[in-house]
Amino acid sequence: MNFEGVFGLIYFDNSATTKIDPAVLQTYQTVANEFWGNPSSLHHLGDRALQMLQSARQQIADLVKCQPDEIYFTSGGTEGDNWVIKGTALAKREFGRHLIVSAIEHPAVLNSARQLEKMGWEVTYLPVNKAGFVTPESVAAAIRPDTVLVSVMAVNNEIGSIQPIEAIAKILTQYPTIHFHVDAVQSVGKNLWSRVLPERVDFATFSAHKFHGPRGVGFIYAKRGRQLETLITGGGQEQDRRSGTENTPAIAAMSKALRLALTDEASKAAHELALKQKLVDFLSALPDITIFSPVTPDFAPHILCFALRGVRGETTVHASEAEDIYLSTTSACSSRSGVESGTLKAMQIPEKLATSAVRISLDDANTEAEVEQFIKIFPKVYQRFQHMNGR
């Protein structure tokens with residue numbers, strides 16, 4: 001798969017969304033045209049749609065290495081995070097009203113926790129160290145007798161830090177009644193499965209548009225036997241746990257996209273890492289550039305967050321866009337708000353530097369030629385701001 005030159009631009013914003021794979025789009029179109037019955041209908045057209053739905057569920061379960069009845073389809077990562085956080089709180093409220101989440105979670109987790117606080121739950125927000133990592137020790141210290149959930153993301157979407165999920169899982173084996181949720185949205189196709197989805201994980205959240213699937217569809221893994229209150233009630237779809245007529249074409253396309261993303265995963269991740277290394281080597285040689293995403297085993301291969309001191313992130317984004325290079329500020333979900341990165345703030349990065357941060361996020365479809373073009377063009381952007389700052 002190679003999207004280079006489709007629009008004559010360089011797209012380095014893949015953590016925000018990826019372009020749908022042509023083969024995945026073809027699957028969507030075929031299923032939409034040929035399996036258009038409602039899976040809940042009793043007639044032949046409904047049966048065909050249901051069989052397609054269950055086939056997609058089986059394929060995803062096989063890829064995630066779980067059972068089909070542990071896969072639930074959603075509208076994406078935001079719904080999945082909301083469902084697990086709020087659904088756990090409601091299902092286990094008789095056993096405790098204390099939640100633990102990291103301070104660098106996606107807003108879907110953080111805002112769900114804040115909403116629950118207003119309703120009487122207590123939340124401990126785990127700090128991170130200066131490199132952007134939760135420490136397992138802080139998790140252990142935060143656990144109380146009334147703790148019902150720990151939620152720590154697999155890969156931070158702003159700087160790419162891979163959180164110590166395995167070490168946290170080991171701690172939580174001593175607390176079998178506490179739900180362990182991992183937002184795994186940024187981990188697909190990065191050769192990280194064994195590190196971010198150990199056996200102790202009870203719930204994991206996924207979103208199709210992060211791995212070349214369609215938007216508006218995702219899934220959660222929910223371990224058998226774990227309590228989770230239903231948030232969307234209605235006709236009883238998804239084992240009566242998430243109602244609403246299933247988006248069969250998008251679900252089938254998502255299963256195809258996941259299979260493709262996990263094919264040759266190690267080589268794809270190595271390719272992205274090589275591109276990231278080249279970019280880091282170039283950027284780190286420039287004065288006034290601060291790198292927040294080094295090339296180490298503890299950082300994802302596809303995310304590179306850096307700041308040009310004295311220049312706001314959105315200014316760098318628009319200046320790069322003028323050269324047909326598409327970056328983002330640290331998180332597409334909150335970039336229009338104009339506030340500093342929540343992750344960098346949690347890392348205690350000074351506000352002036354944090355508001356200068358931008359994010360390059362790569363994909364296996366990106367090429368070395370695109371990186372070379374960035375290296376050729378970015379000095380023009382850089383020198384313009386150096387001149388404006390009187391340097």
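**Reading aromatic pairs and a sheet**

Author: In this predicted model, Phe-374 has 0% relative accessibility and therefore counts as buried.

Reader: Which ring pairs with Phe-374, and is the pair stacked or tilted?

Author: A pair of aromatic rings is described by the distance of the centres and the angle of the planes. Here there are 9 aromatic pairs. In one of them, Phe-12 and Phe-374 are tilted, with 6.1 Å from centre to centre and 55 degrees between the planes. Phe-12 belongs to the loop between strand S1 and helix H1, and Phe-374 to helix H14, so the pair ties together parts 362 residues apart in sequence. Phe-12 is likewise counted as buried, because its relative accessibility is 0%.

Reader: Why is the pair of Phe-306 and Phe-378 edge-to-face?

Author: Planes over 60 degrees apart count as edge-to-face. The planes of Phe-306 and Phe-378 stand at 85 degrees, with the centres 6.0 Å apart, so this pair falls in that class. Phe-306 lies in strand S10 and Phe-378 in helix H14. Ring pairs join Phe-12, Phe-282, Phe-306, Phe-374 and Phe-378 in a cluster.

Reader: In what order do the strands of the sheet with S10 run?

Author: The order is S9-S10-S12, in an open sheet of 3 strands with antiparallel pairing. S9 and S12 are at the edges with a single partner strand each, so one side of each has no neighbour in the sheet. On average, neighbouring strands are turned by 30 degrees against each other, direction ignored. Helix H10 packs on this sheet and touches S9, S10 and S12; its direction makes about 10 degrees with that of S10.

Notes. Residues are numbered from 1 along each chain as its sequence is written. This is a predicted model: local features need pLDDT of at least 70, side-chain atom pairs count only at pLDDT 80 or more; totals for chains, interfaces and linings use all residues. Side-chain values use heavy atoms; hydrogens and water are left out. Two strands pair if DSSP finds at least two bridges between them. Helices (H or I, at least four residues) and strands (E, at least two) are DSSP runs, numbered from the N terminus. Axes are lines fitted to C-alpha atoms, for helices over the stretch in contact, and angles run from 0 to 180 degrees between N-to-C directions. Contact means heavy atoms within 4.5 Å. Rings of Phe, Tyr and Trp (its six-membered ring) pair if their centres lie within 6.5 Å; planes under 30 degrees apart count as stacked, over 60 as edge-to-face and the rest as tilted. Buried means under 20% relative accessible area, exposed over 50%, partly exposed in between (1.4 Å probe, protein chains only).
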